[in-house]
Amino acid sequence: MRWLLLKDLQILRRSPLLVALLVIYPIVIAVLFGFALSGGPDKPRVAFANLVPPGESEFDVGGRTLDAADYADRLFESIDPIRVDSREEAIEKVRSGEALGALVLPADATERLRSTLGLGGGGPPTVEVYYNAEDPVKRRFVEATIEARLAEANTALSEVVLREAAGYIDVIVRGGEIPLPLVGAVQILGLQRSQEIIDSITETLPRDSPDRAALEQVSRFAELAGENLDISQPILASIGSPVRVKQTVVNGSRTPLDAFAVAVAVTVSLMFVTLLLAAGLLALEREEQAFGRLVRGLVSRSALLTEKVVLSALCAVAVTLLMLVGLAAFVGLDWSRVPAWLAALAGGALGFAAMGVAIGGLAREVRVASLLALLLSLPIVFLALVPSGSIDPLLYDVINVVSGAFPFKPSLRALDAAINGGELLLPIVHLLALTAAFGAIARAALRRF
Amino acid sequence: MRADAVSKRYGTRDALRAVSFEVAAGERVAVIGPNGAGKTTLLQILAGALPPTSGSVSLRPEEVGWVPQQPALYSKLSVAENLRLFARLEKVRDVDAVVDRMLDQTALGDRAGDEVGKLSGGNRQRVNIAIGLLGEPAVLLLDEPSASLDPRQRERLWEFIAALGTTVVFSTHDVGEAERFADRVLVLADGELLFTGAPEELVRGDSDFEAAFVRFLHARGH
């Protein structure tokens, strides 16, 4: 088997195009994924046109003057703004692809805001949003991104309004100063202070004074009102975010999206490299007419299969390990888990290699084997990535069974566990069982090879 | 080499029916017959590449050199690398000496470093035969060795085989080759061995071997 391994390595060495593809393909995938993940859509580039005339961006909330520009700045904390002067310019930025979308603040935005906050009627201000909808995925992404950013700005604005309202309540309860337009600062006595004054006056009255009962009623009212308004402050605060979210993972792990994307990218590369190599190397033995000569006492059929599985698995592990190391430069991967990476890659590579030799044994020609490997692998990937709960439960169970019959899903689970932590043994045992099953299919296929 | 009542059955079809014969040391035996006669099946069974349904062959596969019809070589490897690989798989003791000897015998010493895929059909067939000879077999089995060669290449190939001095069993479509290069011919038709003897015995005074062969088959209902 050693000589066959060396022979196949020599053949690979003399197939520069194939080797270049095997090495360059995962590196390109790794770099592309790396850039995509590290330069992810944390701060999407959005064109922003503020059409509100200068000096008119201010509005009052309870006598306090606020500037809409402050809230635009908050919005810019979560987007990368390209400031433009007109609606047309903003739309052009979107059309050219320079910006993911455009936000236009119309000229009447602050006027409408003033009117809304002053309960003066009329509709609330409208922010215009422009974006490209080249495909449903991009459309959904842009919609979700801009809606999320506007929700953040709305929340920030409502927090200010609520804070101002809470401030009013505090002044009413404890007393203080309230700024009013035109009039200026107005001193408010406050319920607590009013009660104190009334109580002190009541103390000076004779015990049988008819005014005492009336004043005690007013004092009681001031006390109750103060206490209840004090309670209303946390109620008011809860209006801004009435529902809090507590998330608990029932199944699976809390894998970060970028680390999961790394696991997917590496598993896809592992699959392609191993499948194509194993299927091609076995089919090549027949294309070169050497199979009959080899199995005529020189090498057993099982040894030949083992050699192809081992060689393609070793090559694929080397290439995908290189890919993982490359991706680790972009995504913070835990280097102490390298032994787990190797175990997962080896398990996955064995599973794919066994499937590859089964394909090679059945196809018997390199081209047919390569085509068959591609045709089989793509649906396997898509099926394995269907999330539970997104389709009918019965259909999901069927898909789960189909996915479990091929090495992609257990390889992805193993690699995800190896990179991010989690149950590693079970998917590796699953992969070893698949290796044995596909090995048996390949062995049977060699009977009529 | 002796074959005893060798039969091969594929489903309901008999590819070989109780074929028995012997080959003496140093003899060159041609297996001839129409298409589908069972020539390749017989040689594969003799080589141990195919198990018979019944019957037996006296030699073990490792005692027989097998040269399949299509050159069974790795086209990305050089002539010497192919020879070295199969010599190692045959567990030949002195690999380098055997490879050098084969390169001398095939007169391909100057092409030893060339990739097999870049050789002519004739030279590829020489390497193919050389690999069959690596284990110094008692018998060399050649399945239509000249099938894909031009007349000049055929002539050179047969000169090469004649110079080997080894016991050779070969199949061919070209009955002229059988007449010229075989000491004895085996005529197969529909898996049945119809004749075994010297070419002259089949001709029986007829000057044209091919015509005599066709007449013989007609006379036997083929």
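1. Chain A holds an open sheet of four strands, ordered β4-β1-β5-β6, in which the pairing is mixed. Strands here are DSSP runs of E of at least two residues, helices are runs of H or I of at least four, both numbered from the N terminus, and two strands pair if DSSP finds at least two bridges between them. At the edges of this sheet lie β4 (80–84) and β6 (128–131) of chain A, each pairing on one side only.

2. On the basis of the model: it is predicted, with local features requiring pLDDT of at least 70 and side-chain atom pairs counting only at pLDDT 80 or more, while totals for chains, interfaces and linings use all residues. Residues are numbered from 1 along each chain as its sequence is written, and chains are lettered from A and ligands numbered from 1 in the order in which they are written.

3. Within the sheet of chain A, strand β5 (residues 101–105) and β6(A) pair in the antiparallel sense over four bridges, and Gly101(A) stands opposite Tyr131(A) in β6(A). Helix α4 (residues 87–95) of chain A packs on the sheet, where it touches β1 (45–50), β4, β5 and β6 of chain A, and its direction makes about 165 degrees with that of β5(A). Contact is taken as C-beta atoms, placed from the backbone, lying within 7 Å; axes are lines fitted to C-alpha atoms, for helices over the stretch in contact, with angles from 0 to 180 degrees between N-to-C directions.

4. For chain B, the domain assignment, which is automatic or from a database, gives domain 1 (1–59 + 138–222) and domain 2 (73–137). Their contact takes 12 residues from domain 1 of chain B and eight residues from domain 2 of chain B. On the domain 1 side, β6 (139–143) and α5 (151–164) of chain B each supply at least two residues, and α5(B) gives the most, with four residues.

5. Strand β7 (residues 167–172) of chain B deserves a separate point. Six of its six residues are buried, that is, with 20 or more other C-beta atoms (placed from the backbone) within 10 Å of their own. Five bridges join β7(B) to strand β3 (residues 28–32) of chain B in parallel, and five bridges likewise join β6(B) to β7(B), which run parallel. Val169(B) is the bridge partner of Val29(B) and also of Leu141(B).

Definitions and conventions:
Contact = placed C-beta atoms within 7 Å. Buried ≥ 20, exposed ≤ 12 C-beta atoms within 10 Å, placed from the backbone.
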